[in-house]
Amino acid sequence: METVTIKDEFIKLGQALKLGGLVGSGVEAKIVIQNGEVTVNGSTQLQRGKKLHDGDIVSFNGETIQITKC
């Protein structure tokens, strides 16, 4: 499992997908989220702007990242 380290209180889902290397662009992130292909903590997430916090788990296409706060 890869980790995405954040400095602020949260990161938006679309940004986390890009930083974690799960998608190549913001447009791709938008598409896969709208298609219901992304889960956050085990639940399908359809909001690109969903705020993720320390400890949240994001999965897409068989890959998983965890959000950690530094």
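Author: Let us begin with charged pairs. A salt bridge is a side-chain nitrogen of Lys or Arg within 4 Å of a carboxyl oxygen of Asp or Glu. Please bear in mind throughout that this is a predicted model.

Reader: How many salt bridges does a search of the whole structure find?

Author: The search finds one salt bridge. Glu9 forms it with Lys69, and the closest N and O atoms are 3.8 Å apart. The two partners come from distant parts of the chain, 60 residues apart: Glu9 belongs to the loop between β1 (2–6) and β2 (11–12), and Lys69 to strand β7.

Reader: Is Glu9 buried or exposed, and how does Lys69 count?

Author: Such words rest on relative accessible area: buried means under 20%, exposed over 50%, and partly exposed in between. Glu9 is exposed because its relative accessible area is 55%. Lys69 counts as partly exposed because its relative accessibility is 35%.

Reader: With which side chain does the side chain of Asp56 make a polar contact?

Author: Its partner is the side chain of Asn41, at 3.0 Å. Leaving out residues up to four places away in sequence, Asp56 touches Asn41, Lys51, Ile65, Gln66 and Ile67.

Reader: What should be noted about the backbone of Asn41?

Author: The angle to read is phi. In Asn41 phi is near 55°, a positive value in a residue other than glycine. Asn41 is found in the loop between β3 (38–40) and β4 (43–44), and Asn41 counts as partly exposed because its relative accessibility is 45%. For Asn61, too, phi is near 55° and positive, in a residue other than glycine. Asn61 lies in the loop between β6 (57–60) and β7 (63–69), and counts as exposed because its relative accessibility is 64%.

Reader: Where is Ile65 placed, and which residues does Ile65 touch?

Author: Ile65 is in strand β7. Ile65 counts as buried because its relative accessibility is 0%. Apart from residues up to four places away in sequence, Ile65 touches Met1, Glu2, Val4, Ala16, Gly20, Leu22, Asp56, Ile57 and Val58. Ile65 and Met1 are 64 residues apart in sequence, while their C-alpha atoms are 5.5 Å apart in space.

Reader: What separates the C-alpha atoms of Gly26 and Gly14?

Author: These C-alpha atoms are separated by 6.4 Å, with the two residues 12 apart along the chain. Gly26 has its place in helix α2 (residues 26–34). Gly26 is partly exposed because its relative accessible area is 25%. Setting aside neighbours within four places in sequence, Gly26 is in contact with Lys18 and Arg48.

Reader: How are aromatic rings read, and how many aromatic pairs does the count give?

Author: Rings of Phe, Tyr and Trp pair if their centres lie within 6.5 Å. By this rule the count is zero aromatic pairs. A ring may also be read together with a charge. Lys51 lies over the face of Phe10, at 4.6 Å from the ring centre.

Note on methods: Residues numbered from 1 in each chain as written. Predicted model: local features only at pLDDT ≥ 70, side-chain atom pairs only at ≥ 80, totals over all residues. Heavy atoms only, no water. Helix = DSSP H or I, 4+ residues; strand = E, 2+ residues; numbered from the N terminus. Buried < 20%, exposed > 50% of the residue type's maximum accessible area, 1.4 Å probe, protein only. Contact = heavy atoms within 4.5 Å. Phe/Tyr/Trp six-rings, centres within 6.5 Å; stacked < 30°, edge-to-face > 60°. Lys NZ or Arg CZ within 6 Å of the ring centre and 35° of its normal. Polar contact = N/O pair within 3.5 Å; in protein donor to acceptor, adjacent residues only side chain to side chain.
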